[in-house]
Amino acid sequence: MKKCFILLIALMGILSTRAENQIYVSPNGNDKAKGTLEAPYKSLQKVSQRVKYLVRKQPNEDITVYLRGGRYQLNHTLVLGLPHTLKSGKKLTFAAYQDEEPILSSGKNIAKWTKVKRYPKGTPKAAKGKLWVANMPTGLKSFRTLFDGDHRLSRAKSDKFQMPRNEEVRRADSQNTYYNRDRIHLRMFPFTNQIKDWSNLSDVEVFFNPVPWNINMIQLESVDMEKKIAYLAYEANALPFSSGKHRYAWVENVVDYLDEPGEWCVNTQSRKIYYWPKSGTPSKTIFAPQLMELVKVEGEVNYDLPKDTPAKNIYFKGLTFTHGDRTVWYKNRKGWGIQHDWDTFDYGNALLRFRGAESCGVEACHFTNSGGSAMRLDLHAQNIKIERNLIDYVGHMGILLAGYGPGTKDVNKDNTITNNIIHHCGQIVYHGHAIFAWQSGGNVISHNYIHDVPRKAVGICGVRCQILLKDECNFDEASRTIRWGEVMPNIDSTKTIIQRYAPFLHARNNIIEYNRVERTLLKLSDGSSLNVSGAGLGNVVRNNYLYDIPYVGIRTDDWQDGTLICNNLLVNVKNIGIIHKGINTIENNILINCGKGIHFRAYPQQYFEPTSSISHNIFYNTSDKYVPNTTFKWGRMFVHKEGKKSIPYEYQMDYNCYYWPNAKEDVALKQKNGIEEHAVIMDPKFTDLKHFDYRMKNKKLIKKIGFKPFDVSISNYGVSKDYPQKYLLEDNKALAEIKK
């Protein structure tokens, strides 16, 4: 009897511990309650305090925080760190309760709207009688996006315009100014009549494409109306109107351009918000974001030391993140922009951010309707798994992994991004990628469905060697991230440039596989859907399906060696299937009805070695205008060892299949120049291209070129069957809208 009593007491203790480690929170709760299902807390800040207490009390027990459905307004970033880290691998999980939908938002409701009676100076005639005004919420200094419920409103902007290119200033390879003395030109913005000396200049931003691969958004500081020069508050990453392509600009956030229904602007001097609602009257669900960063998981980051102390085992499941503000440029940002200034080094501009974290996870969450990025994994970030999520309609990046700059501290690695759907990222910042890994290696990026994005689906890169060659420069892209004290003592000058810097380029050994990619680079050109550039060695791009691509499919870009591109299926890539630079291997790929097959080119300031291998690929096209490969004739090389033949005749290129109307002449020319001795001209006999059945029936062809068949079923790519059904339905709605 005594033993039974002791067992009962022990069992009650276990049950009590389990109940205590389940915390409940609800928008309708009370922070003075017990945090139970029946009496939930109200705020996540209260939950954070409770978790800290439980971690101290019982660090070897899992803790689960259940969020009931409804909207949680975050006025300050929720920071989870070492005090929230359990021991022995135990997990802290923030999860949706059952099938309810908890929504994390930083939006401040704008409720008290009145019809404008006294119009501010510059109000367009079209807006008069239709304009509404509200006061900025108390405590809110500024914001650059505004939302009506589940969609972002358009900010007032001018028509696009162009100005002549500045031919007087020498440019670096990145299109930044080459000389420090010319940097003032990076702040000089010419115009004709698009800009005025407005009283609230700091609110007004200009958007422009100095280069085809980047957009700048910088507020004004002053205006010289006589010389027609506006001065930007911060330096651009290249001269305004520098590019021969995409050389346009527009002005945003001034009442002078509030001339269409659905537009708004804010004047932080008068603290007034102006809005022309499409429906005639403003809704009750208009929100101004207070934060760029809603939730941050952060350990102890020791930037100048070899080791950090990461927060661990913190998970998120079934939550919705929304209503964040977008990225802004700031003083002394120059040199901290990671490749081509596509984002900023160690910067809190994502809804969810891991900074100094290990063994964490994000599962079945929705990141939507926000001005900035969805997720960032910064500096020390390892063994973080991002799976089964939906990312849509965000202003900048989908997912960014950004480690330390070139040096010996290699701690952003071995993460998994799998089974996610990402579309309509980069809605404001056009160069926002779906997935971007900078100085981050050993990651697996697999089984994602990425479609309808303005830039790349997946980008892998580090700091390009031309930046590393200029150790005296600290104002070019990513130059201030370089850990020179770790790099310079370890340089072996007997090696080629890429080989000598490879140990410090941590974006190595990434695997990009089984992704389904459709419609990329819809806003900006240059680059490709899957792009590896200036990264480390050992990256693998394999078993991906690219379909209906307006521009380029796969690319090894400047300063890129050691990449394997194999078993990819590229169909209807309008411009070029694959662009190849550097020393890489391209084998066993199928290219069907692409504008061009592989475009080869060398890049100045690289040592050339004729060791790239291109073999066992199938080039199929029905057009007699098809170009299977382009040739590159050597021009002026700087530190580049000039080749003896035109590319691709310098390469190891053989055992490929060509099937297109002029294949016979093309193959004969290749063989005359010493390549493609064993090339064949044979019909692969695809089963049914019209219905996306890419299986090949020509077994003789497969044997002749040594092609290794791989699974080309559409179901083999993209998300798997266990992907959340509710997110599939959301994606199907988006695809239906696109087809309209």
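**Close-up 1. A network of salt bridges.** Glu 293, Lys 296, Glu 298, Asp 343, Asp 346, Arg 353, Arg 355, Arg 376 and Asp 378 are joined in a network of salt bridges, a salt bridge being a side-chain nitrogen of Lys or Arg within 4 Å of a carboxyl oxygen of Asp or Glu. Across the whole structure, the search finds 40 salt bridges. The model is predicted, so that local features need pLDDT of at least 70 and side-chain atom pairs count only at pLDDT 80 or more, while totals for chains, interfaces and linings use all residues. Residues are numbered from 1 along each chain as its sequence is written, and side-chain values use heavy atoms, with hydrogens and water left out.

**Close-up 2. The salt bridge of Glu 235 with Arg 183.** The closest N and O atoms of this pair are 3.1 Å apart. The pair links distant parts of the chain, with Glu 235 in the loop between β16 (229-232) and β17 (249-252) and Arg 183 in the loop between β12 (154-155) and β13 (188-190), 52 residues apart; strands are DSSP runs (E, at least two residues), numbered from the N terminus. Glu 235 has a relative accessible area of 18% and is buried (buried means under 20% relative accessible area, exposed over 50%, partly exposed in between, with a 1.4 Å probe and protein chains only).

**Close-up 3. The salt bridge of Asp 548 with Arg 519.** Here the closest N and O atoms are 3.4 Å apart. Asp 548 lies in strand β45 (residues 545-549) and Arg 519 in the loop between β42 (516-518) and β43 (530-533), so the pair ties together parts that are 29 residues apart in sequence. Asp 548 is partly exposed at 22% relative accessible area, whereas Arg 519, at 16%, is buried.

Definitions and conventions
Helix = DSSP H or I, 4+ residues; strand = E, 2+ residues; numbered from the N terminus.
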